[in-house]
Amino acid sequence: MKGILLVNLGSPKSTAVPDVKEYLDEFLMDERVIDYRWIFRALLVRGIILNTRPAKSAEAYKTVWTDEGSPLIVITEKIQKKLQKLVDVPVEIGMRYAEPSIETGIRKLTEKGVSEIVLFPLYPQYAMSTTETVIEKAEEVRKAKFPNVKINYIQPFYNRDIYIECLAESIKEKLPENFDALQFSYHGVPERHIYKTDPTKTCNLNDCCSRESNPSHQFCYRHQCFDVTNSVIKKLGLPKEKVMVTFQSRLGKDKWMEPYTDETLESIGKKGIKNLAIVCPAFVSDCLETLEEISVEGKEQFLHGGGENFHYIPCLNDEDRWIEVVKTLCEEKLNEFYLV
Ligand SMILES: C=CC1=C(C)c2cc3[nH]c(cc4nc(cc5[nH]c(cc1n2)c(C)c5CCC(=O)O)C(CCC(=O)O)=C4C)c(C)c3C=C
Ligand SMILES: [Fe+2]
Ligand SMILES: [Fe+2]
């Protein structure tokens with residue numbers, strides 16, 4: 001029997017500082033997130049970051065937490081429930097970090113008799129800290145605990161027409177009438193990650209990412225962010241001069257992809273952009289990074305820098321058109337089981 005596992009990043013189990021600390025420990029000790037040798041990662045994460053960050057992050061989580069829990073998990077559950085109504089195989093969710101884990105998700109499916117799983121990492125763009133770490137973890141769990149289960153993975157879908165169509169429609173509906181600029185803010189990654197995961201060694205993190213084609217594009221997060229932006233603005237008929245791409249949520253002292261979202265928000269008001277719309281297409285569901293970092297902090301930065309109207313465009317969340325896309329991508333992979 002077949003089944004579907006939707007995998008998202010995950011959140012702490014509560015906003016209590018020890019729970020946030022446990023979550024950050026698992027997240028930041030992932031070698032595909034902080035890619036230093038174990039001893040240096042442990043010194044940085046356990047010796048420095050976990051001393052202060054959990055309390056600060058817990059305060060931020062408190063501002064977005066709902067009665068049902070973390071927005072990211074609540075929204076992923078809503079996607080699951082809606083998808084379940086459209087397909088005739090069991091659908092479960094699993095988180096890369098914390099609970100419900102990928103193992104919990106696979107276990108629930110196997111208890112329903114599932115032995116062939118389509119696993120959907122809910123990230124449009126490939127990075128070692130997105131799709132790659134999900135697949136690595138799922139394979140580790142499968143080999144150790146469910147050796148008889150087959151898993152078929154859905155690949156990054158940043159360039160799929162159905163996704164672009166859906167995102168463009170969603171943005172169009174939510175765009176305010178008057179805006180001076182539309183900012184696409186993607187979660188950043190350290191530049192080193194892009195070089196590291198480029199098997200072709202042809203990405204120069206410069207003009208190459210915006211070229212029409214280059215062998216590195218399949219593994220270049222930066223290219224995939226530009227590609228989503230270009231495809232969406234083409235569909236919306238927006239002039240390039242009205243659009244910006246920036247990268248948010250950097251952590252630590254490494255060089256992350258630029259331009260940075262926060263610095264841009266602080267400076268564009270003075271350059272004449274008074275009415276701003278902003279969207280975050282690295283996330284399919286709203287989460288701490290959109291609801292707090294962009295909608296609250298980002299708005300303050302923009303207003304502080306001389307901006308006047310800040311309009312946050314929510315993620316696809318559980319919009320029906322997005323659930324249809326999820327269904328189509330899952331069905332494609334479900335059907336592949338018949339071919340092998
Ligand atoms: C969308 C893709 C994501 C990438 C790429 C990514 C990389 C990345 N993140 C950190 C550090 C943190 N991220 C945090 C939160 C967070 N990150 C993503 C997604 C990506 N991260 C999401 C969806 C969330 C929100 C989770 C939620 O519960 O809502 C956090 C925790 C919050 C905080 O303390 O700021 C950290 C830390 C690194 C180092 C990294 C490197 C590639
Ligand atoms: Fe590139
Ligand atoms: Fe992150």
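**Exercise 1. How many nonpolar, polar and charged residues does the shell around ligand 1 have?**

This is a predicted model, in which local features need pLDDT of at least 70 and side-chain atom pairs count only at pLDDT 80 or more, while totals for chains, interfaces and linings use all residues. Residues are numbered from 1 along each chain as its sequence is written, and chains are lettered from A and ligands numbered from 1 in the order in which they are written.

Step 1. Collect the residues whose C-beta atom, placed from the backbone, lies within 6 Å of the ligand; 23 residues surround ligand 1, and the closest are Ser-11, Ser-57, Ser-129, Cys-287 and Leu-288.

Step 2. Sort them by class, with Ala, Val, Leu, Ile, Met, Phe, Trp, Tyr, Cys and Pro as nonpolar, Asp, Glu, Lys and Arg as charged, and the others, Gly among them, as polar. The shell then has 13 nonpolar, eight polar and two charged residues.

Step 3. Assign the shell to domains, whose bounds come from an automatic or database assignment: domain 1 (2–157 + 320–339) and domain 2 (161–313) each contribute at least three residues.

**Exercise 2. Find the strand order of the sheet that contains E5, and say why one side of E6 and of E8 is left without a neighbour.**

Step 1. Take strands as DSSP runs of E (at least two residues) and helices as runs of H or I (at least four), numbered from the N terminus, and let two strands pair if DSSP finds at least two bridges between them. The order is E6-E5-E7-E8, in an open sheet with parallel pairing.

Step 2. Strand E6 (243–248) and strand E8 (309–313) stand at the edges with a single partner strand each, so one side of each has no neighbour in the sheet.

Step 3. Inside the sheet, four bridges join E5 (residues 181–187) to E7 (residues 275–279), and Phe-184 stands opposite Val-279 in E7.

Step 4. Helix H8 (residues 221–236) lies across E5 and E6 and runs at about 150° to E6; contact requires C-beta atoms, placed from the backbone, within 7 Å, and angles run from 0 to 180 degrees between N-to-C directions of lines fitted to C-alpha atoms, for helices over the stretch in contact.

**Exercise 3. Which residues does UniProt list for "binding site"?**

Step 1. The unreviewed entry lists His-187 and Glu-289; such annotations, given in the numbering used here with shortened feature names, may be inferred rather than shown by experiment.

Step 2. The listed residues span 103 residues in sequence, yet no two of their C-alpha atoms are more than 8.3 Å apart, so they gather at one spot.

Step 3. His-187 lies in strand E5.

Definitions and conventions: Contact = placed C-beta atoms within 7 Å.
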